[in-house]
Amino acid sequence: MCGIVGIVGNTSVAQSIYDGLTVLQHRGQDAAGIVTINDNTFRLRKANGLVKDVFHTRHMLRLQGNIGIGHIRYPTAGTSSSSEAQPFYANSPFGLALAHNGNLTNYAELKQWLFESARRHVNTTSDSELLLNILGHELAQTEHLNLTPDDVFTSIANVHKRVRGGYATVAMIIGHGMVAFRDPNGIRPLVFGKRETDKGAEYMVASESVALDACDFEFVRDVAPGEAIYFTEDGKIHSQQCAEAPSYSPCIFEFVYFARPDSTIDKMSVYGSRVEMGKKLGEKIAKEWDDLDIDVVIPIPETSCDIALQIAHQLDIPYRQGFVKNRYIGRTFIMPGQEMRKKSVRRKLNAIGAEFKGKNVLLVDDSVVRGTTSEQIIEMARAAGAKKVYFASAAPEIRFPNVYGIDMPSANELIAHGREVEDICEIIGADELIFQDIEDLVAAVRISNPEIKRFETSVFDGVYITNDIDQGYLEELDAARNNESKEQTDKNADSIIDLHNEGA
Ligand SMILES: O=P(O)(O)OC[C@H]1O[C@H](OP(=O)(O)OP(=O)(O)O)[C@H](O)[C@@H]1O
Ligand SMILES: NC(=O)CC[C@H](N)C(=O)O
Ligand SMILES: [Mg+2]
């Protein structure tokens, strides 16, 4: 899950983009980039690493301009090479730069079409570079040298016709402005805000509302599925629905794990939904485990804390932060390789003996994906002296790959794939294990916006909203992106030579 930011301002925007990216860091830890426009020229800095490590003062000073976009990356296609860090640039037409959160599902078809019919070269294996070139091709079909808003919207409408998958996108067109658009199902989130200054209004788009808060922008609204909002360089806004049959189907995993609790996505509070997940799961535990003697409820920091607190309240059992999180280690699930993920759990979390010794503990996590965290954490709880270790997951069993921007490409790597609760319980070494029901998860998220009738829930039920995913597709994806293949491609990726950027 990557994070994107775009600002059209009246003074230099680089610092605000930096601040926005910093609060979106939880969405991607692999690479970061900012591109601004100054005097009709793009100024770019992108590299692998965290925001704080990629941008030094010398880069910030060079990133001049009142309009710019930024990206933080968690790779779901291509490689982890710095050449696939975003934003991407294309010279034609006009000069374009683009940042993308999501994943395209018709990558192979698009790549072939771009080469054979549009005669456009794509230099990396990134799906986002394809998206940029499709947009470029469509903008090039317009008649006017001075693009009108209608030209921009027609181009985006054509992009929607060609591209499938999840995409929340922000792009800049030199001499014109910035356009933000969201896929027709609204799988990936995108919000838009406004800031009043002495010189007039400034506008910002971002993956999550928390980025608006951090930059003092007022939340205006979510970008609708299929909609495009075009901000001209001189500060005018135009918006239009560009998809033929848009439908609201946001990714439910944003609420389970990805998004920050202080964000609101599609009018639904992430924090509120997690509290409600705790309430529903607490009710299920009370009903199904009424014979269990639980002494204490302990979260697995950090994402599950709000959920576990509510479960403890529900069960009327003490809540204790029995694990201490090393604040200098990032999120383990979005790390690129399984070896690194495994090692990081132990480095990241440590048990406080007194909370475990001689007790029956209920450990709570938001989700169990590969089982990397749960397996190790249960071992740690036992080593710290727990009598019994019960485990609860606020998300149902994750049994199917994700194809829309979460790096879960291989069913075989998912601990719940083809397994029932008892088998998973045995593998992770718990005394008892319980999962949230899918209906309860959906109800927990919908509570603050009942107008959302459907969510993208493929990892739980195998139903893919874009209707283009079959077993053959999933097998090819598995072969291309399972742990072993990824290790190999990433090794080779080191040899990819980057195109010139502002550099170190
Ligand atoms: O079953 P797994 O493959 O281990 O994946 C699930 C775990 O990974 C995530 O934590 P992460 O450490 O990424 O971030 P957090 O600190 O926000 O909880 C998530 O919150 C679970 O704890
Ligand atoms: N997580 C994402 O949104 C990834 C965006 C894009 N598919 C990439 O791999 O760079
Ligand atoms: Mg976690």
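The model is a predicted one.

Ligand 1 comes first. Ligand 1 sits in the largest pocket. Its shell holds 17 residues. The closest are Y257, T303, D365, D366 and T373. By class, the shell around ligand 1 divides into five nonpolar, six polar and six charged residues.

Polar contacts to ligand 1 come from side chains and from the backbone. D366 places a polar side-chain atom 2.5 Å from an oxygen atom of ligand 1. R331 also contributes its side chain, with a polar atom 3.0 Å from an oxygen atom of the ligand. V369 contributes through its backbone instead: a polar backbone atom of V369 lies 2.8 Å from an oxygen atom of ligand 1. Taken alone, ligand 1 exposes 500 Å², and the protein buries 96% of that area.

Ligand 2 sits in the second largest cavity. There are 15 residues around ligand 2. Those that come nearest are C2, R73, N101, G102 and D127. The shell around ligand 2 divides into five nonpolar, eight polar and two charged residues.

Two elements stand out in this shell. Strand 6 (96-104) and helix 5 (127-140) each supply at least two of the shell residues. The largest share comes from strand 6, with four residues.

A nitrogen atom of ligand 2 lies 2.8 Å from a backbone N or O atom of Y74. In the side chain of N103, an N or O atom is 3.5 Å from a nitrogen atom of the ligand. Q86 also takes part: an N or O atom in the side chain of Q86 is 3.1 Å from an oxygen atom of ligand 2. On its own, ligand 2 has 300 Å² of accessible area, and the protein covers 100% of it.

Q86 leads on to the backbone. A cis peptide bond joins Q86 and P87, with omega at about 5 degrees. P87 lies in the loop between strand 4 (67-73) and strand 5 (88-90). A cis peptide bond also joins P301 and E302. Here omega is about 15 degrees. E302 belongs to the loop between strand 16 (296-299) and helix 10 (305-315).

D266 is not a glycine, yet its phi is positive, at about 50 degrees. The loop that contains D266 runs between strand 14 (264-265) and strand 15 (268-269).

Strand 2 (residues 31-38) and strand 3 (residues 41-48) pair in the antiparallel sense. Eight bridges connect them. Within this pairing, A32 has A47 of strand 3 as its bridge partner. Strand 2 and strand 3 form a hairpin with two residues between them. D39 is in the turn, and D39 has a positive phi of about 50 degrees.

Strand 12 (residues 227-232) and strand 13 (residues 237-241) also pair in the antiparallel sense. Five bridges link these strands. A228 has Q240 of strand 13 as its bridge partner. Strand 12 and strand 13 form a hairpin with four residues between them. The turn includes G235, where phi is positive at about 90 degrees.

Technical notes
Residues numbered from 1 in each chain as written. Chains lettered and ligands numbered in written order. Predicted model: local features only at pLDDT ≥ 70, side-chain atom pairs only at ≥ 80, totals over all residues. Heavy atoms only, no water. Near = heavy atom within 4 Å. Polar contact = N/O pair within 3.5 Å; in protein donor to acceptor, adjacent residues only side chain to side chain. Areas by Shrake-Rupley, 256 points an atom, 1.4 Å probe, with all protein chains shown as cover. 1 Å grid on protein atoms, 1.4 Å probe; cavity = no way out; pocket = protein on both sides within 12 Å on 5 of 7 lines; lining within 4 Å. Sits in = over half its atoms within 2 Å of the grid points. Nonpolar A, V, L, I, M, F, W, Y, C, P; charged D, E, K, R; others polar. Pairing = 2+ DSSP bridges.
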